[in-house]
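Please look over the sequence and the fold shown here before reading on.

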Amino acid sequence: MTPDKQIPAKGLPLSLVVAALAMLAPFTIDTYLPSFPDIAAELAASNVQLQQTLSLYLFAFALSTLIYGPLSDSFGRRRVIMGALGLYSVASIGCAYANTIEQLILLRIAQGLSASAGLVAGRAMIRDVYHGAEAQRVMARVMLLFAVAPAVAPLIGGALHDLSGWRSVFVFLALVALLQWLMIALGTRETLAPQRRHSIHPVAVGRAYAKALRSGKFMALVFCFALMFSGFFLYVAGAPTVIYDFLGLGVHDFWLLFVPAVGAIMLGSQLSGRLAGRLSPKRTVSLGFTLMLLAALLNVAQGVLLGPTPFTVVAPLTLYVLGMALTMPNLNLMALDCFPNNRGMASAVQSFVQMSFTALIVGAVVPLVSATLAGMTLTMLGLNLAGYLLWQWLKHQHGACDSTASP
């Protein structure tokens with residue numbers, strides 16, 4: 001049975017819809033980064049308060065994933081996503097009209113509580129419909145936009161900031177969510193059949209989560225992704241420091257850090273899709289981790305031995321992102337396949353761990369290590385090495401979750 005016959009299309013390719021949904025979270029994180037100085041000046045905000053608009057958003061995002069996963073397994077993916085997107089649009093408009101930093105922080109938390117639904121349910125939608133090598137190809141396309149978004153978002157945010165000020169960034173985010181709502185409403189069918197839905201009873205949900213948390217292989221896959229992605233996000237969250245302090249550049253120069261990363265993500269995602277069916281998922285992930293480890297070692301060398309220049313800073317990061325783009329689709333599918341009957345729950349745990357870990361990096365690690373470029377490069381190496389060692393342990397375990405399994 002082909003995916004298209006399994007779930008008839010309503011107008012838009014499912015991969016396009018899910019990829020658009022995956023972009024919302026990183027857009028919400030990164031689009032307003034170039035506006036930090038103006039937000040601080042207009043709202044009389046300290047650096048700590050500015051970081052709270054980011055770290056508390058991430059914590060809210062992480063916690064809410066644990067709610068949306070079971071909801072999507074019970075009521076269907078489509079309904080949950082549309083309700084959350086409506087709430088997100090309202091919160092974004094509120095951010096645009098915030099008069100104090102305290103109001104902005106609260107509304108950023110509201111954004112976090114609503115932005116996670118599309119990422120959680122969207123991943124499950126892909127695995128509802130596709131399987132085998134086709135699932136890997138589709139997830140590669142989704143991961144392409146998910147990973148491109150953190151690189152593109154600051155560029156869009158900087159342009160909007162120059163055109164209409166920082167408040168226009170949040171109006172833009174509200175419009176993005178509205179467009180996504182229309183895509184779901186008019187162009188997407190429900191992917192979870194009624195007979196495959198689960199009870200939303202707290203006891204049933206608690207048992208499902210307990211089962212996931214007790215699965216060593218599932219949690220290892222989730223933490224592999226979290227460690228790997230945090231190595232990249234260290235530079236996303238620290239982009240203002242890298243651009244303004246280390247490289248001595250300005251608000252229009254964020255592209256120097258992110259445009260090469262976009263190219264690497266596009267290339268890596270294309271390679272991941274082409275390798276589907278030719279290399280096993282495990283071999284593709286191993287190749288990606290090898291590239292990331294090499295990049296992290298080169299990054300440490302340039303951070304310790306060379307003065308910071310756009311080339312010496314960007315080149316290792318670009319290689320790292322190439323390896324990351326090869327790895328992400330397969331790690332996601334492997335984790336989802338650990339629980340084929342509770343994919344919404346599995347996706348929720350993935351998102352919770354990944355975003356919580358990212359929030360920890362932003363709130364606690366970046367302020368400690370971003371004083372020097374060497375500190376950032378060594379931290380990237382440490383995160384990646386931990387993920388690499390965890391993957392080496394995992395791939396030798398018998399009975400690991402297999403992303404080539406049918407749904």
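## About the model

This is a predicted model, in which local features need pLDDT of at least 70 and side-chain atom pairs count only at pLDDT 80 or more, while totals for chains, interfaces and linings use all residues. Residues are numbered from 1 along each chain as its sequence is written, and side-chain values use heavy atoms, leaving out hydrogens and water.

## The whole chain

The protein chain has 16 helices and 0 strands, where helices (H or I, at least four residues) and strands (E, at least two) are DSSP runs numbered from the N terminus. Its C-alpha trace spans about 55 × 45 × 40 Å along the principal axes.

Of the 407 residues in the protein chain, 58% are buried, a term meaning under 20% relative accessible area with a 1.4 Å probe, counting protein chains only.

## Helix α2

Helix α2, which covers residues 14-30, reaches 25 Å from its first C-alpha to its last, close to the 24 Å expected (1.5 Å times one less than its number of residues). In α2, 15 of the 17 residues are buried.

## Asn384

Asn384 belongs to helix α16, residues 373-395, and with 0% relative accessibility it counts as buried. Leaving aside residues up to four places away in sequence, Asn384 touches Phe289, Met292, Leu293, Ala296 and Tyr320, where contact means heavy atoms within 4.5 Å.

Key: Buried < 20%, exposed > 50% of the residue type's maximum accessible area, 1.4 Å probe, protein only.
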